[in-house]
Amino acid sequence: QVQLVESGGGLVQPGGSLRLSCAASGSIFRVNTMGWYRQAPGKQRELVAAIFSGDSTRYADSVKGRFTISRDNAKNTVYLQMNSLKPEDTAVYYCNANINSKWYQRDDYWGPGTQVTVSS
């Protein structure tokens, strides 16, 4: 089995910064794409940022220039550095990873989510 564990959420004032981490563990043959999604109350879950196997990245327009996604392949960990946070960034942030648990078995996994609240 594969588990994703997130950390780093919390309460921050507008303009502040937070860094989220997500570590994958368990039966892992290869980690492919990793990313972060978020879901605000009453809204659909949306992609925030993704980082692909070759380290190319993709961002939602609303976070470009403020958020940076990175990964440490040796630790099977993905990070999301969030700067210049706005109240509209308030949401539960979910880690997602596409992982081969065996060379022939590839699935999407989700973390339990971590709350990010931006408020004065």
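This is a predicted model: local features need pLDDT of at least 70, side-chain atom pairs count only at pLDDT 80 or more; totals for chains, interfaces and linings use all residues.

Colleague: Okay, how many helices and strands does the protein chain have?

Modeller: It has zero helices and eleven strands. Reading along the sequence you get β-β-β-β-β-β-β-β-β-β-β.

Colleague: And how compact is the protein chain?

Modeller: As compact as a globular protein of that length, because its radius of gyration is 14 Å, close to the 14 Å that the globule rule gives for 120 residues. The C-alpha atoms fill a box of roughly 45 × 25 × 25 Å along the principal axes.

Colleague: What share of the residues is buried?

Modeller: Buried residues are 42% of the 120 in the protein chain. As for the surface, the chain exposes about 6,400 Å², with carbon and sulfur atoms supplying 46% of that.

Colleague: What about charges, how many positive and negative side chains are there?

Modeller: There are 13 positive and 9 negative side chains, and the centres of the two sets lie 2 Å apart.

Colleague: Let's go inside. Which residues touch the most other members of the largest nonpolar core?

Modeller: W36, L80, M82 and Y93 do, in a core of 31 residues. At least two core residues come from each of β1 (2-7), β3 (18-26), β4 (30-39), β5 (46-51), β7 (67-72), β8 (77-82), β9 (91-102) and β11 (114-118).

Colleague: Which of those strands gives the most to the core?

Modeller: That's β9, with five residues.

Colleague: Zoom in on L80 for me. What does L80 touch?

Modeller: Not counting residues up to four places away in sequence, L80 touches L18, R19, L20, W36, V48, A49, F67, T68, I69 and Y93. Two of those, W36 and Y93, are also on the list of residues touching the most core members. Across the chain, among contacts between residues at least 6 apart in sequence, 55% join residues at least 24 apart.

Colleague: Is D55 buried, exposed or partly exposed?

Modeller: Partly exposed, because its relative accessibility is 44%, and that category runs between 20% and 50%.

Colleague: Now S101. Which strand is S101 in, and is S101 buried or exposed?

Modeller: S101 is in strand β9, and it's buried, with a relative accessible area of 14%. Leaving aside neighbours within four places in sequence, S101 contacts V2, S27, I28, F29 and Y109.

Colleague: Last one, Q115. Where is Q115, and what is it in contact with?

Modeller: Q115 lies in strand β11. Setting aside neighbours within four places in sequence, Q115 is in contact with G9, G10, T90, A91 and V92. Its relative accessible area is 39%, so Q115 is partly exposed.

Colleague: And how far apart are Q115 and R66?

Modeller: They're 49 residues apart in sequence and 18 Å apart in space, C-alpha to C-alpha.

Methods
Residues are numbered from 1 along each chain as its sequence is written. Side-chain values use heavy atoms; hydrogens and water are left out. Helices (H or I, at least four residues) and strands (E, at least two) are DSSP runs, numbered from the N terminus. The radius of gyration is taken over C-alpha atoms; the globule rule is 2.2 Å times the number of residues to the power 0.38. Buried means under 20% relative accessible area, exposed over 50%, partly exposed in between (1.4 Å probe, protein chains only). Contact means heavy atoms within 4.5 Å. Accessible areas come from the Shrake-Rupley method with a 1.4 Å probe; for residues, only the protein chains shown count as cover. Lys and Arg count as positive and Asp and Glu as negative; His and the chain ends are not counted. The place of a charge is taken as NZ of Lys, CZ of Arg, CG of Asp or CD of Glu. A nonpolar core is a set of buried Ala, Val, Leu, Ile, Met, Phe, Trp, Tyr and Cys residues joined through side-chain atoms within 4.5 Å.
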